[in-house]
Amino acid sequence: MAANTKSTDLFTRAQKVIPGAVNSPVRAWKGVGGAPLFVESARGPYLFDADGNRFIDFVASYGPAILGHAHPEVAKAIAEQANSGFGFGAPTRLEVELAELISSAVRCAERVRLVSSGTEAGMTALRLARAATGRPAIIKFDGCYHGHSDSLLVRAGSGGMTLAVPDSAGVPAELAALTMVATYNDIESVEDCFKANPGRVAAVIVEPVAANMGVVPPSQGFLPAVADLAHHHGALLICDEVITGFRLNFGAASERMGVQPDLVMLGKIIGGGMPVGAVAGPARYLDLLAPKGPVYQAGTLSGNPLSVRAGLETLKILQRPGTYERLEAAGARMEAGLSSALANCDAPGCVNRVGSLLTMFLGPAQVRNAEEARGSDTAKFARFFHALIDRNINVPPSQFEAMFISLAHSDDDIDLTIAAAHDALKQAARG
Ligand code: KE4
């Protein structure tokens, strides 16, 4: 990688006007050290930083860029829509089309409410569950992340794990006390939460594939057991598909795993890279939302035409034959290559993958939950991350995030990345 003086200058400037120089903590590279690269542009599988360095990118905007960056058909659609107006504070045909498309792909989504972020989707889902059941408590899983709304910032994953601040300041203890934390892939821990709060749990919220402690797949039967337990205790099941929605299949991953959520959160891909979120589910729950029902929820830019148009175009492209077969093949190629690199370098660790989502953990032989993820060698991961940057490969700046493979990543891009990872592992091992 060539010099990064422009990024360094921008970082210095940014710190004077933006907290931590970033608008989302994980971008600050706190988990790996050093000053973050500032991105100037991106196209396909590549990012170009402020100094003109090109990287093969596996952050992919943390999920939305499943087609690759700046897909020409999506860019054209956004440009066309921009010429027709950016937003109106009024309903549009486009929102109906996107809601219909989501409803046709997600079985439980009889109704869809669009919002502008995954956080808003989580907030709304919790409020709906509490209204529908008349109960206050929530069960979430250690290491799962559902956005930064107060009730969900307890033992949170993603930036919460990266910065080792799983519980945020500013969340009143009285509110945090309503959120119980179970262990992912441990059904007994869920039962214990219900037993500790009989008749008070409104919902269990879960990522069908955990991707915010690094990627952790659900063990066989875990999700159906969570659903059965929730329903046995009169609680709703909220599946947070902000990452997995339309990533692993054309629809909700949970429904492919034999689970029928009561409420589904969506985001990222359904906006094609533009600001979006959604909460979907049966009319008996969603129609509780204002203006039809008593649960208030609103948003100036909810369903805005630019995000909706980008989402519609993205989903239409994802419906083309061979899409998920290609994503699976690319993911499998990367998994095999990284696993070989670990073995060839005698580097302890493991690779967890589902479809085009994967994480290489440095250290643990297996990672099935947040505790085991925390056993990773984050200092070695930091060295590995920088060694990859030096080889023009951009992965998430945290051991506790997922790598995202897109339809734009060629086999050559993946093979180059594997070769770079092999060398980076050797360099990281030298300390
Ligand atoms: P947003 O509010 O950031 O749009 O979505 C929150 C959210 C909800 N649910 C899941 C499963 C998520 O992964 C997220 C956000 N993901 C993180 C990355 N792990 C976004 C990156 C960031 O925070 O900058």
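## Gln 81 and its surroundings

Setting aside residues up to four places away in sequence, Gln 81 touches Phe 88, Leu 94, Pro 305, Leu 306 and Arg 309. The model described here is a predicted one. Gln 81 itself belongs to helix α2, which covers residues 72-82. Is Gln 81 buried or exposed? Its relative accessibility is 10%, and buried means under 20%, so Gln 81 counts as buried.

The protein is divided into two domains. Domain 1 consists of residues 5-70 together with 322-429, and domain 2 consists of residues 72-318. Taken over C-alpha atoms, the centres of domain 1 and domain 2 are separated by 25 Å.

How many residues of each domain are in contact with the other? In domain 1 there are 37 such residues, and they are in contact with 34 residues of domain 2. Between them, the two domains bury about 2800 Å², and 65% of this area is on carbon and sulfur atoms. Of the area that domain 1 buries against domain 2, Tyr 324, Val 354 and Phe 400 supply 22%, more than any other three residues. The interface of domain 1 and domain 2 also has 1 salt bridge across it.

## Salt bridges

Side chains of opposite charge can pair when their charged atoms come close. The count for this structure comes to 16 salt bridges. Arg 374 takes part in a salt bridge with Asp 142, at 2.6 Å from N to O. The side chain of Arg 374 also meets that of Glu 371 in a salt bridge, at 2.9 Å from N to O. Arg 374 and Glu 371 are both in helix α13 (residues 370-374), and because they are 3 residues apart there, about one helical turn separates them. With a relative accessible area of 28%, Arg 374 is partly exposed, whereas Glu 371 counts as exposed at 51% relative accessibility.

Glu 328 is partly exposed, with a relative accessible area of 36%, while Arg 353 is buried, with a relative accessible area of 18%. Asp 287 and Lys 292 also meet through their side chains in a salt bridge, at 3.4 Å from N to O. Lys 292 has a relative accessibility of 60% and so counts as exposed.

## Aromatic rings

The structure holds 6 aromatic pairs. In one of them, the ring centres of Phe 141 and Phe 222 are 5.6 Å apart. Why is this pair edge-to-face? The planes of the two rings stand at 75°, and planes over 60 degrees apart count as edge-to-face. Phe 141 lies in strand β5 (residues 137-141) and Phe 222 in helix α8 (residues 222-232), so the pair ties together parts that are 81 residues apart in sequence.

Both Phe 141 and Phe 222 are buried. Ring pairs link these two residues and Tyr 184 into a cluster.

## Gly 34 in a loop

Gly 34 is located in the loop between α1 (5-15) and β1 (39-43). Its relative accessibility is 55%, and exposed means over 50%, so Gly 34 counts as exposed. Which residues does Gly 34 touch, not counting residues up to four places away in sequence? They are Ala 28, Trp 29 and His 386.

Gly 34 may also be compared in position with Thr 8. The two residues are 26 residues apart in sequence, and their C-alpha atoms are 9.8 Å apart in space.

How values were computed
Residues numbered from 1 in each chain as written. Predicted model: local features only at pLDDT ≥ 70, side-chain atom pairs only at ≥ 80, totals over all residues. Heavy atoms only, no water. Phe/Tyr/Trp six-rings, centres within 6.5 Å; stacked < 30°, edge-to-face > 60°. Helix = DSSP H or I, 4+ residues; strand = E, 2+ residues; numbered from the N terminus. Buried < 20%, exposed > 50% of the residue type's maximum accessible area, 1.4 Å probe, protein only. Domains from an automatic or database assignment. Contact = heavy atoms within 4.5 Å. Buried area = accessible area lost by both parts, 1.4 Å probe. Salt bridge = Lys/Arg side-chain N within 4 Å of Asp/Glu carboxyl O.
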